[in-house]
Amino acid sequence: SSYTACYCLFGDSNFSVIYQVVLLLITASLVAMLRAPFVVRALTHCQKLAKVTWNDGAESTFHNTWLRSSIRDERFFDTKACIYRESHLDWLIKETPISRVQQSEDGRSIKVEWEDHSTDFDASWLRAQDLSISSSLLPTEYQQIFWAGDDTEIPVFKYSQRLDQAGEWMLGLKKWGLIVIHGVPENEQGVRDCLQVIGPLAHRIHPTDIFTAKPRVEQSLSTDPVAYGSEFLGGHNDTSTYTVPHRLLGFMCTRYEAPDKDTFNFFTDGFRVVKEFREKNPEAFQLLSTTKGRKGRHRLTVEEHCDPADVRIYEWNIYTDTPIIHLEGDTVKKLHLRFTKHAGIPLQYYDDSTALDYYHAHRAFQEAMNDSKNFYKLVLKPGMFTIADNYRLCHGRSGIHPTTRRTLMGGYISDVTYTSRWRVLMGQASG
């Protein structure tokens with residue numbers, strides 16, 4: 001990768017500056033490469049639509065009502081607040097046909113005229129809206145990577161360089177779904193510093209938005225016998241019971257003493273596992289992506305210290321009925337996993353003819369997620385912080401030896417925060 005190449009060539013002292021220069025050059029070449037197909041070659045129209053032939057031969061169709069709904073003129077659109085004015089809807093619902101379209105001399109903008117208004121559209125913006133032809137423009141080296149096993153080269157960063165590397169962190173999460181940061185202060189501030197590179201921490205139904213995880217006998221009995229116990233913790237997605245689960249999970253090691261046997265955390269790439277599972281077990285995949293299983297959480301205790309009178313504030317009893325595998329369209333790269341311990345099929349969704357097949361499918365998927373050949377394993381030492389895409393990756397850990405003393409600390413980033421950060425970064429990169 002460019003990151004590794006710069007480090008090897010220039011060493012640690014000049015690394016940050018050199019890498020930033022290389023990143024800018026890569027970004028500039030990428031933008032230049034993307035611009036060419038975003039130029040208009042030809043235009044045709046009728047009253048109901050405009051058809052664009054792009055410089056690379058691809059074609060897009062933009063319907064009249066969509067064009068009218070998408071204008072960004074100051075007359076109808078508040079550019080500072082990024083919202084439409086009230087007058088826009090009144091104008092939009094008028095059935096006014098397109099009277100004329102024309103492209104600029106350089107093919108980088110399109111003027112659309114109606115009898116009651118005219119506006120200019122940036123051609124590259126229009127092309128980007130047509131996802132059916134735009135997604136293929138991204139070079140292979142910038143696309144998401146399917147991976148399995150310890151041979152995977154997960155991106156590694158330094159805590160000290162975090163403020164200069166938000167874009168690289170996000171790109172690493174986009175491509176691999178996982179990044180590792182070294183040299184993080186072993187306290188709550190270290191957790192905040194890492195996650196706030198992306199945005200504010202997501203809210204937890206607890207006295208604090210930062211969690212602490214270590215084997216505790218009392219909590220394993222009253223809260224979760226696996227997560228707070230010492231047995232093997234299988235691959236799963238966190239907050240799957242939420243209506244909208246948290247998107248990113250970040251955690252670090254603050255204490256690690258293992259005189260007899262290491263404990264490792266593992267991550268499994270849902271892209272790869274789901275793709276292979278779908279190919280080998282299409283019927284099972286169909287059941288897991290359509291059957292609404294129950295995900296439930298019942299907790300009347302509080303993990304953190306708080307005033308006994310405040311415990312009732314954090315009592316938690318929630319469930320959601322949803323498939324394990326969510327795909328947007330038909331592509332694995334638009335994946336949202338909600339995999340956790342099964343809690344049955346609600347009676348209103350129960351189908352006796354497929355129920356046993358569903359549970360067999362659940363077991364088969366669980367075995368695939370917990371197949372060690374798919375694991376990327378890490379023995380977390382103090383100061384090591386990981387951030388994982390909770391929609392894409394499953395995570396778990398090996399058993400904890402009785403003599404091991406191990407504490408983790410972490411938090412979450414919401415999906416809306418993650419998406420917003422991407423949009424801000426892309427806007428800055430594109431100008």
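**Exercise 1. List the buried residues of helix α7.**

Solution. Start with the term: buried means under 20% relative accessible area, exposed over 50%, and partly exposed in between, using a 1.4 Å probe and protein chains only. The buried residues of α7 are Ala-166, Glu-168, Trp-169, Met-170, Gly-172, Leu-173, Lys-175 and Trp-176. Next, place the helix. α7 spans residues 166–176, and eight of its eleven residues are buried, so it is mostly covered. Helices are DSSP runs of H or I with at least four residues, strands are runs of E with at least two, and both are numbered from the N terminus.

A note on the model. It is predicted: local features need pLDDT of at least 70, side-chain atom pairs count only at pLDDT 80 or more, and totals for chains, interfaces and linings use all residues. Residues are numbered from 1 along each chain as its sequence is written, and side-chain values use heavy atoms, with hydrogens and water left out.

**Exercise 2. Describe how α10 crosses α12.**

Solution. Take the axes first. They are lines fitted to C-alpha atoms over the stretch in contact, with angles from 0 to 180 degrees between N-to-C directions. The axes of α10 (residues 270–280) and α12 (residues 355–369) come within 10 Å and cross at roughly 135°. That makes α10 oblique to α12. The classes are: under 35 degrees roughly parallel, over 145 roughly antiparallel, 65 to 115 roughly perpendicular, the rest oblique. Now find the contact, meaning heavy atoms within 4.5 Å. α10 brings Gly-270, Val-273, Val-274 and Phe-277, while α12 brings Ala-361, Ala-364, Phe-365, Ala-368 and Met-369. Sort them by class: eight are nonpolar, one is polar and none is charged. Here Ala, Val, Leu, Ile, Met, Phe, Trp, Tyr, Cys and Pro count as nonpolar, Asp, Glu, Lys and Arg as charged, and the others, Gly among them, as polar.

**Exercise 3. Is Cys-82 buried or exposed? Is Thr-239 buried or exposed?**

Solution. Cys-82 lies in the loop between β4 (77–78) and β5 (83–84). Its relative accessibility is 55%, so Cys-82 counts as exposed. Thr-239 sits in the loop between β12 (233–236) and β13 (248–257). With a relative accessible area of 14%, Thr-239 is buried. Check the backbone too. Cys-82 is not a glycine, yet has a positive phi of about 60°. Thr-239 is not a glycine either, and its positive phi is about 55°.

**Exercise 4. How many aromatic pairs are there?**

Solution. Apply the rule: rings of Phe, Tyr and Trp (its six-membered ring) pair if their centres lie within 6.5 Å; planes under 30 degrees apart are stacked, over 60 edge-to-face, the rest tilted. The count comes to 17. Phe-76 and Trp-91 are stacked, at 4.7 Å centre to centre with 25° between the planes. Phe-76 is buried at 2% relative accessibility, and Trp-91 is buried at 3%. Tyr-358 and Tyr-359 are edge-to-face, at 5.4 Å and 70°.
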